[in-house]
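Colleague: I am new to this structure, and I would like to go through some of the terms used for it. Could you show it to me before we start?

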Amino acid sequence: YAAGIVSKTLYNEGKYDNALFYYKILENVAVKPQSIFNAQLGVMRSGFLIEDYVIAKEYSQKVLNNNSLSNTIKKEAEYSKGISNLRLKNYNEAYPSLKWIVDNVDTEMKSEAKYCLALIDFELNQLSESEKGIKELLKIKPSFYYWIAKGLILQTKISIKKDDLFQAEQTLKSVIDNYPDDTDGIKDEANA
């Protein structure tokens with residue numbers, strides 16, 4: 001009981017590394033299935049937020065293995081699993097979760113997942129598949145400017161790999177001239 005209270009309190013205070021420690025204790029001492037599930041969910045969330053993607057990936061799968069999973073928690077766990085595997089460069093493991101997000105979510109998360117799938121194709125040197133993914137990203141409604149800009153910057157990298165420097169320059173110029181936010185790093189990335 002104490003581990004449950006302490007872990008939840010630390011998590012709510014944004015002390016995710018400390019919360020992670022107590023969620024793991026809770027997982028080991030809990031008897032009720034709901035308490036064990038809550039502990040695993042807490043470990044997944046805390047691990048993801050402190051960018052410990054090994055733990056986040058492992059506990060995402062534990063959360064996904066729960067039979068009484070709500071759709072909201074499933075979205076979160078698939079997202080955590082996909083992004084964690086992407087950050088760990090486990091592209092084959094990341095792909096199914098990111099694809100599930102694209103097929104089952106209609107929020108900004110969908111645009112991010114679509115971008116990540118195009119990025120995986122780029123990293124695997126599947127340039128035509130990556131370009132196809134970017135085109136699909138640009139068609140997603142509602143549009144999220146951040147992910148559109150990230151997709152266009154990725155398109156620039158593809159153009160450079162294909163030695164189409166004119167197209168690369170024009171795409172970057174479009175991002176720099178038209179992107180509405182000067183504070184989120186997109187323009188800096190385009191300029192770099």
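Predicted model: local features only at pLDDT ≥ 70, side-chain atom pairs only at ≥ 80, totals over all residues.

Colleague: Why is Lys150 called buried?

Modeller: Buried means under 20% relative accessible area, exposed over 50% and partly exposed in between, with a 1.4 Å probe and protein chains only. Lys150 has 14% relative accessibility, so Lys150 counts as buried. Lys150 lies in helix H9, residues 145–161, where a helix is a DSSP run of H or I with at least four residues, numbered from the N terminus.

Colleague: What makes the link between the side chains of Lys150 and Glu189 a polar contact?

Modeller: A polar contact is a pair of N or O atoms within 3.5 Å; within protein, one must be able to donate a hydrogen and the other to accept it, and residues adjacent in sequence count only if both atoms are side-chain atoms. For Lys150 and Glu189 the value is 3.1 Å. Leaving out residues up to four places away in sequence, Lys150 touches Tyr115, Ile186 and Glu189, contact meaning heavy atoms within 4.5 Å.

Colleague: Why does Ser159 count as buried?

Modeller: Ser159, also in helix H9, has 4% relative accessibility and therefore counts as buried. Residues up to four places away in sequence aside, Ser159 touches Asp164, Gln167 and Ala168.

Colleague: Why is Val29 called exposed?

Modeller: Val29 has a relative accessible area of 54%, and is therefore exposed. Val29 is found in helix H2, and together with Val6, Phe21, Tyr22 and Ile25 makes a nonpolar surface patch of about 410 Å². Helix H2, residues 16–29, gives the largest share of this patch, four residues.

Colleague: What makes a set of residues a nonpolar core?

Modeller: The set consists of buried Ala, Val, Leu, Ile, Met, Phe, Trp, Tyr and Cys residues joined through side-chain atoms within 4.5 Å. The largest nonpolar core here has 28 residues, of which Leu86, Leu98, Tyr115 and Leu154 touch the most other members. Helix H7 gives the most to this core, with eight residues.

Terms used: Residues numbered from 1 in each chain as written. Heavy atoms only, no water. Helix = DSSP H or I, 4+ residues; strand = E, 2+ residues; numbered from the N terminus. Patch = residues over 30% accessible without salt bridge, like charges linked within 9 Å, V, L, I, M, F, W, Y side chains within 5 Å. Areas by Shrake-Rupley, 256 points an atom, 1.4 Å probe, with all protein chains shown as cover. Salt bridge = Lys/Arg side-chain N within 4 Å of Asp/Glu carboxyl O.
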